[in-house]
Amino acid sequence: MTADKTGADNRFLRLALSLARRGLGRVWPNPAVGCVIVRDDRIIGRGWTQPGGRPHAETVALAQAGGAAQGATAYVTLEPCAHHGKTPPCADTLIKAGVARVVCALGDPDPRVDGGGFDMLRAAGIEVVTGLCEDEAHVDQAGFLSRVTRGRPMMTLKLASSFDGRIATASGESQWITGPAARRHVHAMRANHDAVMVGAGTARDDDPSLTVRGLGIEHQPVRVVLSRHLDLPLDSKLAKSAKEIPIWICHGRRAAPELISVWKDIGATLIEVDEAQATLDPTSVLEALGARGLTRVYCEGGGGVAASFLMAGMVDELVGYGAGLAIGAEGRPSLAAMGLSRLAEAPRFELVECRDIGGDVLHRWRATPSTP
């Protein structure tokens, strides 16, 4: 392959990746895929997975291209599906459209696909090029890949704190430690995750709505609350909006039957999970959410929930918002006690982004390979 051709392939595949990101948080349990159809170095069709997971990106792009797709190159961010579901296999759709080449960033480990899409294309005489932009695609597909290979969604843990790591004063005042730009960024992060998760303490103390606001986005993520005993206020914003915006409550086996009945009547989805010591088991929580199709979960605390998921090795990405104020030791820490005695026991993360955001500092980290 010539350098010019490789350069063009990378360029169009990166465009497909940017299109795919439009589906993040909106297409679960399906992956967010992008597709660009190119003929004679001209884009004739483009698409991304639509809300709810259908139609698929290839179908949308081929519909735009029409008959011009004959002999064209299709740039796809994830291996075209090879199985019959509610729609025909995308590999078959590409074959019928008559494309000559398919350039794909990443294979699909789903057992129903797992190389089968590429095999179908090659058997039909279509040239298949793989491996380009693989690292970028892997980052974008982290949630889908996690659910398929680990049985749980990827989890992003968000912490907004003062310079000295406090999330509130001793009296509980926390609005607002960070500024408007950081808070707007939080809403954008909510929007590209399937669900927003908090613990019962945060739900009681802050009475959050956990919705996306101020961005002109109608789509809302699932709200997930962790409450062992279901002892959540029935007059809260979450309870009052349960019939309009999904709320899932993970609880323990000893939750009172009458509270289970009340929350179901309100419109909540109740999910029973295992307990670990005096809290819900983080692994059981994420596996239960993965079993229901979630691929990306955005956790907003509080400190006990954050600490338990960190110590369980369930945090895939950390997003921190640091403000230039100091609250002091009497303030509430961003993390509860983790029981560490040695630094070697601490979960470690690699810095992937650090920048100013409206006078605060945004820093983003990913779990290192040595982290469970």
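The largest pocket of this predicted model has a volume of about 1100 Å³, and among the 42 residues that line this pocket, Lys 158, Ser 174, Thr 202, Asp 206 and Glu 300 are the closest to its centre. On a 1 Å grid over the protein atoms alone, a pocket is an open set of points with protein on both sides within 12 Å along at least five of seven lines, a cavity is a set of points where a 1.4 Å probe fits but cannot get out, and lining residues have an atom within 4 Å of a point. Grid points are joined across faces, edges and corners, and a volume is the space filled by probe spheres set on the points.

The model is predicted, with local features requiring pLDDT of at least 70 and side-chain atom pairs counted only at pLDDT 80 or more, while totals for chains, interfaces and linings use all residues. Residues are numbered from 1 along each chain as its sequence is written, and side-chain values use heavy atoms, with hydrogens and water left out.

At least two residues of the lining of the largest pocket come from each of S6, strand S7 (166-168), helix H7 (180-191), strand S8 (195-199), helix H8 (200-206), helix H12 (303-311) and strand S16 (332-333); helices (H or I, at least four residues) and strands (E, at least two) are DSSP runs numbered from the N terminus. The second largest pocket is lined by 31 residues, with Val 139, Ala 142, Met 154, Glu 317 and Arg 366 nearest its centre, and H5, H6, S6, H7, strand S17 (349-357) and strand S18 (360-367) each give two or more residues to that lining.

The table sets out the linings by class, where Ala, Val, Leu, Ile, Met, Phe, Trp, Tyr, Cys and Pro count as nonpolar, Asp, Glu, Lys and Arg as charged, and the others, Gly among them, as polar.

| Space | Volume | Lining by class |
|---|---|---|
| Largest pocket | about 1100 Å³ | 18 nonpolar, 14 polar, ten charged residues |
| Second largest pocket | about 700 Å³ | ten nonpolar, nine polar, twelve charged residues |
| Largest cavity | about 80 Å³ | seven nonpolar, six polar, four charged residues |
| Second largest cavity | about 50 Å³ | six nonpolar, one polar, no charged residues |

The structure holds three cavities of 30 Å³ or more. Leu 24, Asn 30, Ala 32, Thr 295 and Arg 296 lie nearest the centre of the largest cavity, which 17 residues line, and helix H6 (residues 142-150) gives the most to this lining, with three residues. The second largest cavity is lined by Ala 203, Leu 232, Pro 233, Ser 236, Leu 238, Ile 247 and Trp 263.

Just after H6, Gly 151 takes a positive phi of about 75°.

Elsewhere, five strands form an open sheet of mixed pairing in the order S2-S1-S3-S4-S5, with strand S2 (42-48) and strand S5 (127-130) at the edges, each pairing on one side only; two strands pair if DSSP finds at least two bridges between them. Strand S3 (residues 73-76) and strand S4 (residues 101-104) pair in the parallel sense over four bridges, and Tyr 75 stands opposite Val 103 in S4.
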